[in-house]
Amino acid sequence: MDEYFMKEAIKEAEKAYKDMEIPVGAVIVLDGQIIGRGYNRVETLKNSLAHAEIIALDEASKSLDAWRLIDCTIYVTLEPCAMCSGAIVNSRIKRLVIGTSDPKRGCAGSLINIVNHKGLNHRLQVKTGVLEKECKTILQNFFKRLRKNKKN
């Protein structure tokens with residue numbers, strides 16, 4: 001099931017790619033159903049909060065009419081940053097599934113580990129490397145395209 005839902009997150013990342021946004025996608029699942037989707041829209045919305053995870057969390061909360069997303073799983077193509085990791089913890093998500101790690105900004109174990117920090121009141125299960133090659137490739141292709149466009 002993890003691969004199926006990560007493919008859905010990749011579809012979201014592809015939307016960001018088409019919009020010239022850093023291609024990160026996220027979906028939130030409860031009982032086998034997607035209740036929230038999101039992709040990066042920082043540049044489009046001119047809003048530093050418009051990360052894929054935040055958008056998906058907002059949609060899932062509206063879907064459930066609740067801020068606590070207990071028993072939900074979030075699938076993200078790239079390891080969440082500090083802001084998104086904190087929001088995921090605050091939402092009480094049960095499980096985080098990551099496509100590829102982010103050694104420069106990842107806050108679910110790479111750089112620091114907010115999602116399982118002993119000082120916080122909630123910790124979650126984390127699984128990494130689901131469809132890692134596909135998730136990494138879309139990011140690499142995006143940055144190659146961006147560098148090429150800057151040269152022209």
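Predicted model: local features only at pLDDT ≥ 70, side-chain atom pairs only at ≥ 80, totals over all residues.

**Strands, a helix and a pocket**

Reader: Over how many bridges do β1 and β2 pair?

Author: Strands pair if DSSP finds at least two bridges between them. β1 and β2 form a hairpin with two residues between them. In its turn, Asp 31 has a positive phi of about 50°. The two strands run antiparallel, and the count of bridges is six.

Reader: Which strands stand at the edges of the sheet?

Author: The open sheet has five strands with mixed pairing, in the order β2-β1-β3-β4-β5. Each edge strand has a single partner, so one side of it is left without a neighbour in the sheet. The edge strands are β2 (33-39) and β5 (125-127).

Reader: In which sense do β4 and β5 pair?

Author: Leu 96 stands opposite Val 126 in β5. β4 and β5 share three bridges, and the sense is parallel.

Reader: What do the buried residues of α4 pack against?

Author: Buried means under 20% relative accessible area, exposed over 50%, partly exposed in between (1.4 Å probe, protein chains only). In α4 (residues 82-90), the buried residues are Cys 84, Ser 85, Gly 86, Ile 88 and Val 89. With contact meaning heavy atoms within 4.5 Å, they pack against α3 (52-64), β3 (73-78) and β4 (95-100).

Reader: Which helix gives the largest share of the lining of the largest pocket?

Author: On a 1 Å grid over the protein atoms alone, a pocket is an open set of points where a 1.4 Å probe fits, with protein on both sides within 12 Å along at least five of seven lines; lining residues have an atom within 4 Å of a point. The largest pocket has a volume of about 580 Å³, the space filled by probe spheres set on the points, which are joined across faces, edges and corners. Of its 25 lining residues, the closest to the centre are Ile 22, Leu 78, Asp 102, Arg 105 and Leu 139. The largest share, five residues, comes from α5.

Notes
Residues numbered from 1 in each chain as written. Heavy atoms only, no water. Helix = DSSP H or I, 4+ residues; strand = E, 2+ residues; numbered from the N terminus.
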